[in-house]
Amino acid sequence: MRGRKPFKPRREEPYKVNQKIRAREVRVVGDFVEGGNVVMSTEEAIKIARQQDLDLVEISPNADPPVCKVIDYAKFKYEQKKKQKEIKANAAKTVLKEIRFGPNTDDHDFDFKLKHAINFLKDGAKVKAYVHFVGRSIVFKERGEMLLLKFAQSLEEYGQVEQLPKMEGKRMNMFVAPKASKK
């Protein structure tokens, strides 16, 4: 069985076209129908579409009777794909930046990391600040919590806390989201 290509199932078309429409009656909408909205038999609707060198496409299969439109199916599919691409492009992509502390982080290091966090929030990224406890330092949990709360208080004007300090394994995490910019 060498040299055989793996089986790829055919992609189903998202819309039923022409003969694939199984309903006896359909509501035809569009420019090619008198009145713009008529209920007729499927065969008659397909005949109208063929006369125009177009396709009958089932737009809303759950309606009673199903809603169909006389259009060029290839062009319709292209437009739908284009709309999906546009929606995807306009979706906000959230970036998550991490800042790591130790339970004994000094003031200078704290200020340095705070400046980075402020820049991240100004750029619209979320910040995940965490204190990593190594070895016996786990006994200083309250130090880590105080450090993260101080960090949150310092970032108050740039972002809001999404999740307060919470212990997960050897880490204490806190999330800060940027404040919504006023347009």
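The structure is a predicted model, in which local features need pLDDT of at least 70 and side-chain atom pairs count only at pLDDT 80 or more, while totals for chains, interfaces and linings use all residues. Residues are numbered from 1 along each chain as its sequence is written, and side-chain values use heavy atoms, with hydrogens and water left out.

## Overall form

The chain holds four helices and eight strands, and from the N terminus on these follow the order β-β-α-β-β-α-β-α-β-α-β-β. Here helices (H or I, at least four residues) and strands (E, at least two) are DSSP runs, numbered from the N terminus. The radius of gyration of the chain is 30 Å, whereas a compact globule of 183 residues would have one near 16 Å; this radius is taken over C-alpha atoms, and the globule rule is 2.2 Å times the number of residues to the power 0.38. Along the principal axes, the C-alpha atoms fill a box of roughly 80 × 60 × 25 Å.

The accessible surface of the chain is about 13,800 Å², and 50% of this belongs to carbon and sulfur atoms; accessible areas come from the Shrake-Rupley method with a 1.4 Å probe, and for residues only the protein chains shown count as cover. Buried residues account for 30% of the 183 residues, where buried means under 20% relative accessible area, exposed over 50%, and partly exposed in between (1.4 Å probe, protein chains only). Of the contacts between residues at least 6 apart in sequence, 54% join residues at least 24 apart, a contact being heavy atoms within 4.5 Å.

## The annotated span

UniProt, in an unreviewed entry, places the feature "domain: Translation initiation factor 3 C-terminal" at residues 95-179; UniProt positions are given in the numbering used here, feature names are shortened, and annotations may be inferred rather than shown by experiment. In the model, the end C-alpha atoms of residues 95-179 lie 14 Å apart, and the span is 35% helix and 36% strand.

## Salt bridges

A search of the whole structure finds three salt bridges, each defined as a side-chain nitrogen of Lys or Arg within 4 Å of a carboxyl oxygen of Asp or Glu.

| Pair | N to O distance |
|---|---|
| Lys128 and Glu98 | 3.8 Å |
| Asp107 and Lys150 | 3.6 Å |
| Lys126 and Glu162 | 3.2 Å |

Lys128 is buried, with a relative accessible area of 12%, whereas Glu98 is partly exposed, with 45%.

The salt bridge between Asp107 and Lys150 links distant parts of the chain, with Asp107 in helix α3 (residues 107-122) and Lys150 in helix α4, 43 residues apart. Asp107 counts as partly exposed because its relative accessibility is 48%, and Lys150 is partly exposed as well, with a relative accessible area of 37%.

In the salt bridge between Lys126 and Glu162, Lys126 lies in strand β6 and Glu162 in strand β7, so the pair ties together parts that are 36 residues apart in sequence. Lys126 is partly exposed, with a relative accessible area of 27%, and Glu162 counts as partly exposed at 47% relative accessibility.

## A nonpolar patch

Met146, Leu149, Val161 and Leu164 make a nonpolar surface patch of about 370 Å². The elements that give two or more residues to this patch are α4 (141-154) and β7 (159-168). Patches are made of residues with over 30% relative accessible area and no salt bridge, like charges being joined within 9 Å and nonpolar side chains (Val, Leu, Ile, Met, Phe, Trp, Tyr) within 5 Å. Leu149 lies in helix α4 and counts as partly exposed because its relative accessibility is 35%.

## Single residues

Is Glu58 buried or exposed? Glu58, which lies in strand β3 (residues 55-60), is buried, with a relative accessible area of 6%. Leaving aside neighbours within four places in sequence, Glu58 is in contact with Tyr15, Lys16, Ile21, Pro66, Val67 and Cys68.

Lys93 lies in the loop between α2 (73-90) and β5 (96-101) and is exposed, with a relative accessible area of 64%. Between Lys93 and Lys170 there are 29 Å in space, C-alpha to C-alpha, and the two are 77 residues apart in sequence.
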